Amino acid sequence: MKLWRLSLLIAVWCGGATPFDLIGQETPEVLVCEGDALRQANAYTAAFGAYERAYPYYVADSNYYMMAYLKTWSSEMAYEEWGDGYYKKGNAAVQEAYRIAQAHLLTDTLSFYPITLMNMGIYYGTVRDYEQKLTFYQKGKKAAQRVQGQYGTYTSIAYNNLGFTYGSRRNWKKSLNYLDTALVIARETGNQTAIFSAQNNKAHAYAEMGDFERAIFTQEAALEAASEAKDYARAANNLGVLYAEIKEWDAGIRYLKEALEIRRQLSETLTENIFSTQLNLVWAYSSSDQTEKSDALLDEVIKEAVALSPAFDNSLNLQIAYNYRARNALKSDRLGEAMSWVRKAEQVGSWSLEVWASTKLVKSMVLDAGNRTEEALWAVQESYQILVPGYQPKAVTDLPDWRAMEAIAYTLTLFQLQAALLEKLAKERQEPDLQQAALNTLEAADSAVTVSRLSYQSQMSKELMSANAKNLYNALIAIHYRLYQNTGKKVHHEQAFLYMEKNKALSVLENLNAMEAARFHDIPGGLVEAERGLREDIAFYQLNLNAGRPGEYPEQEKIWKAELSRLTQSQDSLFRIIKQQFPRYYKTRIGMEMPDLKTVQQTVIGPEETMIEYFQSDDALYVLMASTTTTQFIRLDTDRLERNVKELYEALRNKDPEVSRVSHRVYQQVFEPLRKYIEGEKLVLIPDGPLSYIPFDQFVMEEAEGNRRKYLMEEYSIRRLLSGSTALQYEDIQEEAGIRHGIMALAPLFTSGQGSVRAADQFGPLPGAQKEVDALDGLFQGTFLRGPDATEEAFKDNCAASGILHLATHTAINDQFPNATHLLLKETEKEDGKLNVYEIYGQSIPAQLGFLSGCNTGIGTLKAGEGAISLGHAFAYAGCPNIVMTLWPIKDDLVPELVKVYYNGLRNGLDKAEALREAKLFSLKNDELFAHPYYWSGFVYTGDRSPVQLYSFVLTDYIWVIAGAVFAILIGAVVWWKMRS
């Protein structure tokens with residue numbers, strides 16, 4: 001703001017005096033007016049100075065009201081300025097304001113007192129007394145409501161502070177509740193700054209929950225609400241990061257550049273905000289393979305930061321910048337340059353243990369690239385020493401106690417790097433013991449994953465944990481394969497199976513962790529909330545203990561350790577109760593207990609049946625095969641596999657006439673090498689990754705007479721499983737709930753007309769859906785809902801009573817956010833028509849079979865399959881582990897006929913997998929128009945092989961039973977008549 005405009009504002013604020021009238025008049029009244037005007041103009045440093053100069057005048061007069069007033073607003077200005085030691089000045093000022101108000105004033109009458117209390121919350125946050133911080137924020141809210149009512153600026157600020165604080169504790173439910181209230185109040189009062197703050201904090205909460213879709217939408221609203229340049233820059237920076245998180249690099253880089261430009265305009269020199277935005281841009285450039293741009297920007301910011309040192313002390317960001325520079329040089333095989341940047345990073349010496357450990361990690365990677373294996377291992381040990389105080393390694397095979405590292409997700413990278421280096425050293429030295437040490441290291445990492453999986457961490461930590469866990473299981477399975485090749489011991493089959501199962505279970509668990517609105521129908525909501533709350537608090541205190549310098553806050557650390565011990569004991573007690581009383585929830589959500597391979601062989605695999613479980617890594621496709629008595633462990637080549645699978649998927653869903661060529665190619669790659677190990681004519685498939693979206697029964701095995709192809713389903717009867725452990729987990733579910741009979745079939749309209757699903761314009765029509773329901777209506781007793789009657793509300797009201805659930809509708813599969821996957825039904829006033837995965841977890845669905853007839857129409861590209869797996873697990877948890885789904889939209893009239901043949905097969909006593917196979921064979925052989933696998937192979941069945949128990953509605957089904965009963969009655973009557981005679 002120009003000086004003359006600021007002077008005029010001060011004059012107006014101070015009762016109309018001109019700027020010239022104020023010259024030389026430094027009276028306390030003028031200074032207070034000046035401070036208030038400067039505060040309104042966002043000139044925080046100048047306002048702080050005016051308030052501090054006025055303060056001694058009122059001390060001399062013992063004017064306690066003005067003393068408290070001035071110190072409150074001094075603290076506010078210091079916290080707004082924050083840098084250059086101002087937060088310390090703010091801490092001193094607000095403590096003095098609070099002391100004066102408590103000792104000398106009736107605080108209920110002070111209009112500024114809510115600010116005093118909220119700034120006391122900030123003070124306690126700076127000294128890391130988080131319980132007192134929360135207490136004072138709550139007091140600030142009550143004071144604001146007392147002073148201004150529910151709809152006041154201070155009240156909005158108070159709710160916003162509480163929302164942010166609960167977010168820092170990972171309690172997103174409370175966080176969003178407070179932030180929503182803050183936003184409502186801010187809109188009511190028209191306070192644009194408060195609107196921005198609430199939207200900005202909500203976007204952060206959604207991002208930390210992993211819901212980037214809502215995070216981006218909310219952050220865009222914050223950007224629109226920003227009335228000041230600094231707020232706009234902050235929102236643009238955050239939006240750029242969010243777009244980069246979902247790998248929309250162009251949008252991310254555009255917003256980050258905009259934020260950087262504004263922040264440059266707001267400051268004549270480098271600031272922490274400018275530096276952090278530049279590092280965000282560096283991350284976006286590096287991650288999108290724009291290394292030259294990344295290096296150029298790094299050189300610019302490093303040069304500027306070094307030139308301003310020591311006046312500008314930002315060693316943390318500078319060390320991060322050096323780390324990035326070293327990584328970029330390593331990517332380009334410039335090892336000497338990379339090591340030079342590592343040494344510069346070491347010389348900076350920031351306060352962050354994680355950044356220091358990252359420097360040592362990069363150092364190890366550079367040494368490894370230069371084949372200096374033992375030195376690289378010692379660099380890993382240096383990183384451990386930074387992360388675990390007191391750890392003193394004696395050999396490169398040593399490991400710290402992983403319990404001290406469990407809250408730091410990227411340390412899993414260190415475990416895996418150490419294991420890889422130990423294997424490399426084992427080859428170099430021909431020392432088998434080092435390979436065993438590598439295995440021990442990976443097993444320690446697995447223990448850390450198993451314990452840390454419930455931890456509430458930041459979104460970045462969760463992503464690192466997820467990525468590292470998948471890499472970890474890849475490494476474990478690979479090392480067990482190599483050990484099996486070396487030793488021939490079948491114990492490596494069992495261990496590989498365990499890690500394949502853990503990998504699949506962890507994916508589901510991660511989805512449940514992200515599902516804040518999760519409901520579980522077979523456990524009281526209060527227990528779920530209690531368990532969730534304990535996890536949040538344990539993670540919060542663990543994070544506090546692992547953050548910052550050890551011994552920096554000794555008294556607080558003692559309190560945190562005591563509280564952590566108490567919470568852990570409470571959690572153990574609660575886990576014991578849940579395990580005993582609610583085993584299904586415990587197994588799904590907490591236990592992660594994997595059955596051994598022998599148990600699966602004895603319980604899951606049937607006679608004349610072979611189980612084939614796949615695990616896809618970056619460089620191999622591992623396969624574990626098992627019958628009831630034998631096992632095989634195989635490694636298949638993945639050269640061009642992902643490309644071949646994608647080509648096959650597209651050829652199938654697009655009815656490509658040349659699909660057989662691609663199908664045979666994939667068959668040769670993923671199945672033909674396994675045939676010699678298959679026992680019997682029944683298969684249990686557990687696919688992984690993109691293979692989840694490929695129907696195996698359409699694999700072309702060979703060309704037969706008359707150019708007719710031989711498909712895999714003609715030789716094998718196939719069923720799928722989500723995993724071996726899931727099959728065991730839900731095997732007794734029908735016995736628990738009791739067998740349900742009858743059918744509920746729903747077929748909403750997708751025509752964009754009246755009575756249609758609201759989202760119909762996003763999905764194609766399902767012309768055969770109504771016919772499917774008509775066909776079933778003629779076969780079975782039950783509930784049949786068409787068009788506007790096929791509502792989500794009706795499904796929830798009736799799903800617990802049906803033996804079969806048939807939903808002829810679309811499913812919107814979301815692989816980025818698997819718990820956003822949902823079935824589309826007609827909306828009502830009570831329900832929005834989106835039957836989400838988390839809602840299915842909350843239903844009781846003890847059906848013998850679920851049939852999702854229009855399932856995967858919502859999918860556009862081939863992805864990992866997490867969304868479909870999440871949907872399957874939700875139905876299994878709800879009580880329906882046996883489910884038929886489709887892998888693409890099938891819009892032709894064949895579907896009703898295939899469905900009718902399938903259900904007739906069930907009526908005739910075929911098991912659920914065999915009935916689907918017969919329906920597909922009927923489609924293949926009955927009509928040449930429908931011989932293309934597009935029409936029939938998209939249906940896949942997941943579950944057991946037991947037949948379905950049905951009550952038929954058709955009179956002919958009962959004719960002989962009725963005739964027999966009538967005959968028996970007649971005979972009985974004749975006998976009775978003769979006896980009376």
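Is Glu-382 buried, exposed or partly exposed, and what is its relative accessible area? In this predicted model, Glu-382 is partly exposed, because its relative accessible area of 24% falls between the 20% under which a residue is called buried and the 50% over which it is called exposed. The residue belongs to helix H19, which covers residues 373-387, and, leaving aside residues up to four places away in sequence, it touches Lys-360 and Lys-363. Between the C-alpha atoms of Glu-382 and Trp-356, which stand 26 residues apart along the chain, the separation is 9.7 Å.

The aromatic pairs in the model come to 40, and two of them are set out below.

| Ring pair | Distance between centres | Angle between planes | Class |
|---|---|---|---|
| Tyr-384 and Phe-415 | 6.0 Å | 45° | tilted |
| Phe-851 and Tyr-903 | 5.9 Å | 35° | tilted |

Tyr-384 lies in helix H19 and Phe-415 in helix H20 (residues 411-429), so this pair ties together parts that are 31 residues apart in sequence. Tyr-384 is buried, with a relative accessible area of 0%, and Phe-415 is likewise buried, at 1%. The pair of Phe-851, in strand S13 (residues 849-854), and Tyr-903, in helix H36 (residues 894-907), links distant parts of the chain, 52 residues apart, and both residues are buried.

Charged groups also meet rings: Arg-169 lies over the face of Phe-540, at 4.3 Å from the ring centre, while the charged end of Arg-254 sits over the ring of Tyr-255, 5.2 Å from its centre.

Elsewhere, strands S8 (residues 743-747) and S9 (residues 782-786) run parallel and are joined by five bridges. From S8 the chain passes through helix H32 (residues 769-777) to reach S9, in a β-α-β crossover that is right-handed.

Definitions and conventions
Residues numbered from 1 in each chain as written. Predicted model: local features only at pLDDT ≥ 70, side-chain atom pairs only at ≥ 80, totals over all residues. Heavy atoms only, no water. Helix = DSSP H or I, 4+ residues; strand = E, 2+ residues; numbered from the N terminus. Buried < 20%, exposed > 50% of the residue type's maximum accessible area, 1.4 Å probe, protein only. Contact = heavy atoms within 4.5 Å. Pairing = 2+ DSSP bridges. Right-handed = clockwise from strand over helix to strand, strands pointing away. Phe/Tyr/Trp six-rings, centres within 6.5 Å; stacked < 30°, edge-to-face > 60°. Lys NZ or Arg CZ within 6 Å of the ring centre and 35° of its normal.
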